[in-house]
Amino acid sequence: MKRRTTFRTDQQQEQTAAHQAQPASGHEFATPEELLRFDAAQTVVPTEIAQRLQKSSADLPPPARSWLRRLFGS
Amino acid sequence: MNEPVAEREFAGEAPSGFAAPEFAGVYTEHSRAIYYLALRFLGDPEKAADATHDVFLKAFRKFDSFRGEASVRTWLYRIAINHCRNLQQSWHERHVFPQADEAVWENAAAKTDSPLRVLETKELSQRIQRTLDALPEEYRLLLLLVADEELSYEQMAGLTEQSAGAVRGKLHRARKAFVAHFEKTA
């Protein structure tokens with residue numbers, strides 16, 4: 001059986017306040033951002049992006065070391 | 001604010017043969033966030049993949065413009081937002097939901113998922129996209145940014161060039177608009 005995706009109303013949120021520490025069960029979300037976080041977690045980044053990026057960056061000079069040192073603190 | 005464990009597990013694989021190996025770490029850490037923003041902003045997986053590639057390549061090239069005053073995530077978001085906006089303007093696709101190839105949506109679900117799970121993920125993904133497409137661009141962007149737990153309201157304000165108070169007010173309206181549109185897509 002397919003699950004419905006819904007948003008909890010304020011009243012429902014109050015009623016379930018005691019269970020807030022638990023992850024949302026099924027496809028029920030308190031806020032749009034909670035839904036979007038779930039959606040983002042389901043999204044697979046295509047592996048070909050990394051492969052293309054590797055090829056594209058190979059033709060470029062590497063980033064200045066100072067920038068990378070600043071970024072990684074080494 | 002930390003990324004959920006699940007998010008790290010699904011993060012894009014780093015290109016091991018990068019000319020600058022450290023940049024592979026930047027890609028691993030932020031590729032999911034940038035790809036997701038592009039995906040939901042542009043509404044097309046293939047265009048989102050192209051945009052993600054271009055954003056990281058720009059970041060690779062423009063290293064000297066990053067002064068460390070903002071976080072890397074914020075810096076990448078700024079590049080991504082500008083890039084996606086430019087793409088939208090050049091494509092004249094505003095307010096039009098691009099019809100992505102069905103196979104692309106199928107591939108958006110993990111390969112180990114059951115058929116029902118795939119169907120649900122696909123359906124939910126399409127509902128979310130239709131809902132976001134129905135919203136003004138500003139609302140869409142704010143919702144996508146607030147969904148990233150690594151960003152503060154101040155960082156969102158900087159990215160959208162307004163005060164944190166304005167962000168809070170608009171987010172309140174954006175959430176209401178999203179819920180209203182989302183219910184219509186059921």
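A residue counts as buried if 20 or more other C-beta atoms lie within 10 Å of its own. Keep that cut-off in mind while reading this predicted model. In chain A, buried residues make up 24% of the 74 residues.

Now look at how chain A is built. It has 4 helices and 2 strands. Start at the N terminus and follow the chain: the elements run β-α-β-α-α-α.

Next, turn to a place where chains A and B meet. Two packed helices are described by the angle between their axes and the distance between the axes. The crossing is right-handed. On the chain A side, the contact is made by Glu48(A), Ile49(A), Arg52(A), Leu53(A), Ser56(A) and Ser57(A). Chain B supplies Ala49(B), Thr52(B), His53(B), Phe56(B), Leu57(B) and Phe60(B).

Finally, pick out one residue of chain B. Leu151(B) sits in the loop between helix 7 (137–146) and helix 8 (153–160). Is Leu151(B) buried or exposed? Leu151(B) is buried, because 20 other C-beta atoms lie within 10 Å. Leaving aside residues up to four places away in sequence, Leu151(B) touches Leu145(B) and Met156(B). Thr74(B) is 77 residues from Leu151(B) along the chain. Even so, the C-alpha atoms of these two residues are separated by 7.7 Å.

Technical notes: Residues numbered from 1 in each chain as written. Chains lettered and ligands numbered in written order. Predicted model: local features only at pLDDT ≥ 70, side-chain atom pairs only at ≥ 80, totals over all residues. Left-handed = near helix turned anticlockwise from the far one by under 90°. Contact = placed C-beta atoms within 7 Å. Buried ≥ 20, exposed ≤ 12 C-beta atoms within 10 Å, placed from the backbone.
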